[in-house]
Amino acid sequence: QVQLVESGGGLVQAGGSLRLSCAASGRTFSMYAMGWFRQAPGKEREFVAAISRSGGNTGYADSVKGRFTISRDNAKNTVYLQMNSLKPEDTAVYYCASQRALGNGWYPTDPLNFGSWGQGTQVTVSS
């Protein structure tokens with residue numbers, strides 16, 4: 001499995017934007033589906049977005065659809081989460097995760113189906 005390091009979190013006002021990055025180690029990044037999850041205090045970790053190993057397929061939670069965009073650059077071993085129109089309810093620790101892909105268009109959405117996780121980055125949206 002790859003090792004993952006997130007960055008880009010911070011404090012932003014409602015309506016603002018942030019871009020999270022997740023850098024992966026190793027030379028097989030392009031073989032992994034990637035995902036973003038978040039966990040707010042007192043809540044379970046929830047799915048945010050995922051992307052297939054080629055980048056051709058993506059999926060989003062209904063709560064972020066139309067506001068967040070996941071993308072990846074396999075040459076840079078990095079996956080991104082562009083977050084626009086942020087809301088206070090988006091406040092959470094955001095984690096990236098990876099899983100060896102079962103096929104080109106495949107990605108999981110259940111956290112139990114991801115094998116590696118980053119340490120998380122805090123996103124705080126003020127009202």
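## Size and overall shape

A compact globule of 127 residues would have a radius of gyration near 14 Å, and this protein comes in at 13 Å, so the two agree. That radius is taken over C-alpha atoms, and the globule rule is 2.2 Å times the number of residues to the power 0.38. Along the principal axes, the C-alpha atoms fill a box of roughly 40 × 25 × 25 Å.

A quick word on ground rules: this is a predicted model, where local features need pLDDT of at least 70 and side-chain atom pairs count only at pLDDT 80 or more, while totals for chains, interfaces and linings use all residues. Residues are numbered from 1 along each chain as its sequence is written, and side-chain values use heavy atoms, with hydrogens and water left out.

## Strands and contacts

The tally is zero helices and 11 strands, with the elements running β-β-β-β-β-β-β-β-β-β-β from the N terminus. Both kinds of element are DSSP runs numbered from the N terminus: helices are H or I with at least four residues, strands are E with at least two.

Take contacts (heavy atoms within 4.5 Å) between residues at least 6 apart in sequence: 61% of them join residues at least 24 apart.

## Surface and charge

Buried residues make up 46% of the 127, where buried means under 20% relative accessible area, exposed means over 50%, and partly exposed is in between (1.4 Å probe, protein chains only).

On the charge side, there are 12 positive and 8 negative charges, and their mean positions sit 8 Å apart. Lys and Arg count as positive, Asp and Glu as negative, with His and the chain ends not counted. Each charge is placed at NZ of Lys, CZ of Arg, CG of Asp or CD of Glu.

## The disulfide

There is one disulfide, defined as a pair of cysteine sulfur atoms within 2.5 Å. C22 pairs with C96, S to S 1.9 Å. This pair ties together distant parts of the chain: C22 belongs to strand 3 (residues 18-24) and C96 to strand 9 (residues 92-100), 74 residues apart. Both cysteines, C22 and C96, are buried.

Strand 3 also holds S21. With a relative accessible area of 16%, S21 is buried. Leaving aside residues up to four places away in sequence, S21 touches V5, E6, S7, W36, T78, V79 and Y80.

## V123 in strand 11

V123 lies in strand 11, residues 121-126, and is buried with a relative accessible area of 0%. Beyond residues up to four places away in sequence, V123 touches G9, G10, L18, L20, M83, D90, T91, A92 and Y94. The C-alpha atoms of V123 and L11 are separated by 6.2 Å, though the two residues are 112 apart along the chain.

## Two positive phi values

For anyone checking backbone torsions, N77 has a phi near 55°, a positive value in a residue other than glycine. N77 lies in the loop between strand 7 (68-73) and strand 8 (78-83), and at 17% relative accessibility it counts as buried.

S85 is not a glycine either, yet its phi is positive at about 50°. S85 sits in the loop between strand 8 and strand 9, and is partly exposed, with a relative accessible area of 41%.
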